[in-house]
Amino acid sequence: MKRAKLFMDTMVQIEARSGNEMSEDALDICIVKAFEAFRHVERACSRFSPESELMQACRKIGEATPISPYLFEPLRFALEMAEWTEGVFDPAIGRLLESKGFNRHYLTGERTNSNVDGSATYLDIELSEANRTLCLHKPLILDLGATAKGFAIDLAARELKCCAGFVVNAGGDLYAGGTNDQDDKWTIGIRNPAKVNGILQSLLITDAAVCTSGSYERRSEVVEGEHHIVRPDTGKSPNEWISCSVIAPYAMMADAFSTAAFAIGGEEGIALIEDAGLQGLILTADSRIKKIGGI
Amino acid sequence: MAKMKKKWVVLCSTAIAAVYTAGYWATESDKSNIPVNAVYSSPSATSSTSGSGTAQVLDSQSQVSSKYNDGTYVGMGSNRRGTIQVSVAIENDRITDVEISDFAMHYSIDDVVGMPDEVLQIQSANVENVSGATYSTRAFSDAVQDALDQALRA
């Protein structure tokens, strides 16, 4: 069974098979619930909808606000990554992304231009583990573009765990669970945007996520040569790499690590993936492929 | 190294558990048709002053009430590979769901989003899914707009 819906400005495609143990009706319910995961996370984490939990929280400065786990968890992961990378990866980057034209709601076409100066960083974001609250110490716009989709994929994968096999593919970031129709591992290709043969590498995957950050989709319409991954320290998009894929046990992890490594680049970016014990594949701007972790 | 990796894995597994143990999943899922987004205006009528920093965060009160009839509307759009069909569910002027309704019948979904032909050939051979930089939903915007036009109150 295969279905596709739009969420988070991308197409989410879910393919699942029931195997012998499960009825088609039960499978259908699992798929519906898996799509619901995307709906919940989008409602909580969208930067493009003024009524999302995230944008409501961004209007409260200096006040601890209780937030749902749909926002708390991907924000916590993003903050851990921000600390780990000393701010090269930063969830406070929303305003900067808005200014580069990444501010259009994909369904309504409405654009968001927030009235904040963009000087705040992740250090101005405080989460309370005990109270499950968020407190922003300066006006800022949160951006969970590198964790929320991964988190939604992980929640969807959990709903599909009882299936014999499934793939949740959210516009090129995916989790593959169980096995395919032939009861083999899933074959996942890593796209090569530059070459005619299309695929950089094909991987055999089961119960793991593959996420790719790249500069070849989501280009800035405002600033030439820029794309949706921006370093807060330079205010610019790194262009040393074209694509960075990470394989991890969770999509939120693969998503955040591929984005953070892309932002850092070079040997340091590679070390970020290596040190976490993950596998990765990088395509550099001079068309070289770097493999990490014995792919 | 292994220890370091464990920290991130634990963060991910507790994140999933937090949604379930808090009871969020059960209670939230009981509410049917939670809106994805409000329909503030048609996609063609965008206003943008990027970088000016003067516009305010949009107020949710700015939505026009009863612009659309509730229901599910089929919209068609096309790109260089053919037509795209979507089913758009609307409730209280909000889009609650957008399903790509017939891709399985006529073409691979990857045709729709404009994947290179070479990728498609390889895919049909043995690659079941492709990981790549996240593509946007621009290919679907005409079809969504077509559905919204049909939902407009006369």
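Visitor: Why is Glu226(A) called buried?

Guide: A residue is buried if 20 or more other C-beta atoms, placed from the backbone, lie within 10 Å of its own, exposed if 12 or fewer, and partly exposed in between. Glu226(A) has 20 C-beta neighbours inside 10 Å, so it counts as buried. Keep in mind that this is a predicted model, where local features need pLDDT of at least 70, side-chain atom pairs count only at pLDDT 80 or more, and totals for chains, interfaces and linings use all residues. Residues are numbered from 1 along each chain as its sequence is written, with chains lettered from A and ligands numbered from 1 in the order in which they are written.

Visitor: Which residues does Glu226(A) touch, leaving out those up to four places away in sequence?

Guide: Contact here requires C-beta atoms, placed from the backbone, within 7 Å. On that rule Glu226(A) touches Lys100(A), Ser220(A), Lys236(A) and Ser237(A).

Visitor: What makes chain A agree with a compact globule?

Guide: The radius of gyration is taken over C-alpha atoms, and the globule rule is 2.2 Å times the number of residues to the power 0.38. For 295 residues the rule gives a value near 19 Å, and chain A has 19 Å, so the two agree. Its C-alpha atoms fill a box of roughly 55 × 45 × 35 Å along the principal axes.

Methods. Two residues are in contact if their C-beta atoms, placed from the backbone, lie within 7 Å.
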